[in-house]
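Biologist: Please put the model up. I have a few things to ask you about it.

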Amino acid sequence: MIDITKLPMRVAIGQVNELTEEFLTFAKQLGLQDVQMNLYNLPPDMKDTGRLEFHDLLKLHSRAAERGLRLIAIENVPIRFYDKIMLGQAGREQQLENMQESIRNLGRAGIPIFGYHFISTGVWRTGWDTPIRGGAISNSFKLELAKHAPLSYDRIYDEDEMWANYDWYMQRILPVAEEYNVRMALHPDDPPVPILGGVPRLFRNFANFKRALERHPSRMHGLDFCHGCWSEMRGGAGVLEAAEYFGAQGRIFYVHMRDVKGGCDDFTECYINEGNSNIFKVILKLREVGFNGFMIDDHVPHMVNDSSYGHRGRAHATGYITAMLDAVNVVSPIKDPMLVQPAPVAVAAAPKAISAKKSSAKKSKDTPPKFSVNAKAMKELPTEPMIKGGGRLRFGVKI
Ligand SMILES: [Mn+2]
């Protein structure tokens, strides 16, 4: 598995449950090397066995690698995979076995990060077609409208039992994550309010994240730092404090970079450059504390004539995050020389366009190197492909 501790802070794209040709091309055109997937909903071609299967994960890893991309993280599994664990219900032992095997399979398939949450009732919004800047469509939440919602499950759960359920799970899953070198990254409850639908939302404030990480101090345990949720919780200054505290401990494994206007009892998701927080300051803070994970857009506004995936909104957000990181790289360059070089990407076959650039560059090797688009493409090519010959990663081949 790739050693992600040697990679520099960078931008990724994902929030997809299928690696379509179009998505992989989009990632390449954005100039990225890392892709993440979100399996909150399984894709139609993935058999629902109640866990992530090795061959499915290997196939995904290979598909990304064949385009010179790293499948750097899988975020989420369907809630039904571990709802009994979260609620402490009968049948949780079987779900635990499945989740443990899912972690093993992620490790076996070379996928280094598993993003997870502990929200059995899911993400809540009270408005899904909220108009924002220029008529773009976003979403919003008002606690006043949600607080009288009926129970999501059989009864009202209390905070202590939710903590006991969380501890039970962590005590049993983290040793597996350690053995298989898979980082588990905890996402906040969204929205971060005390209780919805009768189920307490544990990960809603700084103190509870601190408690979770202190009680389970594994090196494989950290945060999917959802900037949007931290902004919902604490606004601009609170985001910086949390980024500094957890980032300095190496506990932030990756960042969801989006923002909102307002606080957790009344907010609207917005364009990334008009929210509570200053994204440049946040990335600068992350650099200062040595964060070297990836940043990814999360939810984005649906722009005019946008696709269902939100290509326009995502291109805007990703371009903005990339530009802010470029600016931070100028004012606060990476200090660790180990992180400066682009890391090799596992590639079975380079895309034709890049191969052509490589051969034309070879012919003119006597001419001095120039900083050009071609030179950049060359830099992105792997120096030592992790997988040689192109056959080792193919589905069904014994490795
Ligand atoms: Mn998020």
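Biologist: Thanks! Where does Asn-181 lie?

Modeller: Residues are numbered from 1 along each chain as its sequence is written. This is a predicted model, where local features need pLDDT of at least 70, side-chain atom pairs count only at pLDDT 80 or more, and totals for chains, interfaces and linings use all residues. Helices (DSSP runs of H or I, at least four residues) and strands (DSSP runs of E, at least two) are numbered from the N terminus. With those names, Asn-181 sits in the loop between α6 and β7.

Biologist: What is phi at Asn-181?

Modeller: Most residues other than glycine have a negative phi. Asn-181 is not a glycine, yet its phi is positive, at about 60°.

Biologist: Is Asn-181 buried, partly exposed or exposed?

Modeller: The class comes from counting other C-beta atoms, placed from the backbone, within 10 Å of the residue's own (20 or more is buried, 12 or fewer exposed, in between partly exposed). Asn-181 has 16 C-beta neighbours inside 10 Å, so Asn-181 counts as partly exposed.

Biologist: And Gln-15, is that residue buried or exposed?

Modeller: Gln-15 belongs to strand β1, residues 10-16. Its phi is near 60°, a positive value in a residue other than glycine. Because Gln-15 has 21 C-beta neighbours inside 10 Å, Gln-15 counts as buried.

Biologist: Let's turn to peptide bonds. Is the bond from Asp-190 to Pro-191 cis or trans?

Modeller: Pro-191 is found in the loop between β7 (183-186) and β8 (195-196). The peptide bond that joins Asp-190 to Pro-191 has omega near 0°, and is cis.

Biologist: At what angle do the axes of α4 and α6 cross?

Modeller: Axes are lines fitted to C-alpha atoms, for helices over the stretch in contact, with angles from 0 to 180 degrees between N-to-C directions. The axes of α4 (residues 92-108) and α6 (residues 159-179) come within 9 Å and cross at roughly 20°.

Biologist: Which residues of α6 does α4 meet there?

Modeller: Two residues are in contact if their C-beta atoms, placed from the backbone, lie within 7 Å. On the α4 side the contact uses Leu-96, Met-99, Gln-100, Ile-103 and Arg-104. Their partners in α6 are Arg-172, Ile-173, Val-176 and Ala-177.

Biologist: How far apart are the axes of α8 and α9?

Modeller: Helix α9 covers residues 279-288, and α8 packs with it at an angle of about 25°. Among the residues that make the contact are Val-239, Leu-240 and Ala-243 of α8, with Val-282 and Leu-286 of α9. The axes of α8 and α9 are apart by 8 Å.

Biologist: Which residues does Leu-106 contact beyond four places in sequence?

Modeller: Its neighbours within four places in sequence are left aside here. The contacts of Leu-106 are then Leu-52, Leu-57, Ile-74, Ile-111, Phe-114 and Val-182.

Biologist: Finally, what share of the residues in the chain is buried?

Modeller: The chain has twelve helices and 14 strands. Among its contacts between residues at least 6 apart in sequence, 74% join residues at least 24 apart. Of the 399 residues in the chain, the buried share is 43%.
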